[in-house]
Amino acid sequence: MSERRPIEYWLSDMDGVLVHEGRPIPGADEFIRRLSASGRPFLVLTNNSIYTARDLSARLKALGLDVPPGSIWTSALATARFLADQRPEGSAYVIGEAGLTTALHEAGYVLTDLNPEYVVLGETRTYSFSQITKAIRLIERGARFIATNPDPIGPSPEGSLPACGAVAAMITKATGVEPYFVGKPNPLMMRTAINVVGGHSESTAMIGDRMDTDVVAGVEAGLHTILVLSGVTRKEEVERFPFRPSQVVPSIADVVDMVDA
């Protein structure tokens, strides 16, 4: 196995790596400061399509993490870029929040329920039965089905919430049409992120807390993968997967010294 090039570009998941249950993970602030001081290009990646990058930047700043909007890459932004490449200035019926609708508008898409080329499903805290019914009927009439991410549930202070993947499964059951998921673990999310920072797979690292999304997407994109044990995946679970991360560390605090000053 050939020796990898030094890490020059950094991609990091957000929940479980930098923040957990609304609080910053110890070491996250120092990691962001070290990246900023080093001048190394980096992106914070999230499958959450609810918020715009500007919204997420403000939320992270309130937690003491200074991440500019341009250093945040969401599944909504990846979806908008994918659609703009596939069918420039197309049309879509969208179920989602401002993060997704804003990204599609800025990509030149028209949002409509009149014979759209796509049905695009994202995250929202208020999935509407009437919207889901509309989506089903449009897909039955030939609209292509896109979903921002396959996550079946999302967290809340009260417990789990149905997320994009669960609602997509319901629409698939009704129509027989599978969506194309853009977000992690689709390596497309990683490749578009690498393009944003102008990096190369051989010199880019992906930090995540989930083997089944962050690590597998990084592996499939040819990245150096770092699993942190501060989120979903436990150390004893790593061996159950047929793929392995390049490194396993307790938390983001253990990654700080890997960033060249």
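Mentor: The buried residues of H8 pack against strand E1 (9-13), H7, strand E13 (204-208) and strand E14 (224-228). Helices (H or I, at least four residues) and strands (E, at least two) are DSSP runs, numbered from the N terminus. Contact means heavy atoms within 4.5 Å. Buried means under 20% relative accessible area, exposed over 50%, and partly exposed in between, with a 1.4 Å probe and protein chains only. This is a predicted model, in which local features need pLDDT of at least 70, side-chain atom pairs count only at pLDDT 80 or more, and totals for chains, interfaces and linings use all residues. Residues are numbered from 1 along each chain as its sequence is written, and side-chain values use heavy atoms, with hydrogens and water left out.

Back to H8, residues 211-220. Seven of its ten residues are buried, so the helix is largely enclosed by the rest of the structure. Those residues are Met-211, Thr-213, Asp-214, Val-215, Val-216, Ala-217 and Gly-218. After H8 comes Gly-222, with a positive phi near 80°.

Val-182 sits in the loop between strand E12 (180-181) and helix H7 (187-197). Its relative accessible area is 0%, so Val-182 is buried. Beyond four places in sequence, Val-182 is in contact with Ala-78, Thr-79, Phe-82, Ile-146, Ala-147, Thr-148, Leu-188 and Met-189. Tyr-9 is 173 residues away from Val-182 along the chain, and their C-alpha atoms are 22 Å apart.

Among the contacts of Val-182 are Ala-78, Thr-79 and Phe-82. Helix H3 spans residues 75-86. Its buried residues include Ala-78, Thr-79 and Phe-82, along with Ser-75, Ala-76, Ala-80 and Leu-83. H3 has twelve residues and reaches 16 Å from first C-alpha to last, close to the expected 16 Å. That expected span is 1.5 Å times one less than the number of residues.

Strand E9 covers residues 144-147 and holds Phe-145. Phe-145 has 5% relative accessibility, so it counts as buried. Leaving out residues up to four places away, Phe-145 touches Val-119, Leu-121, Ile-139, Ala-168, Ile-171, Thr-172, Val-177, Glu-178, Pro-179 and Tyr-180. Take Ala-168: 23 residues from Phe-145 in sequence, 9.1 Å from it in space, C-alpha to C-alpha.

Two serines come next. Ser-57 is in helix H2. At 11% relative accessibility, Ser-57 counts as buried. Its contacts, neighbours within four places aside, are Val-67, Pro-68, Pro-69 and Ile-72. Ser-71 lies in the loop between helix H2 (53-62) and strand E5 (72-74). Ser-71 is buried, at 11% relative accessibility. It touches Phe-42, Leu-43 and Val-44, not counting residues up to four places away.

Now the whole chain. It has eight helices and 15 strands. Its radius of gyration is 18 Å, close to the 18 Å of the globule rule for 261 residues, so the chain is as compact as a globular protein of that length. The radius is taken over C-alpha atoms, and the rule is 2.2 Å times the number of residues to the power 0.38. Buried residues make up 51% of the 261. Among contacts between residues at least 6 apart in sequence, 67% join residues at least 24 apart. The C-alpha atoms fill a box of roughly 55 × 40 × 35 Å along the principal axes.
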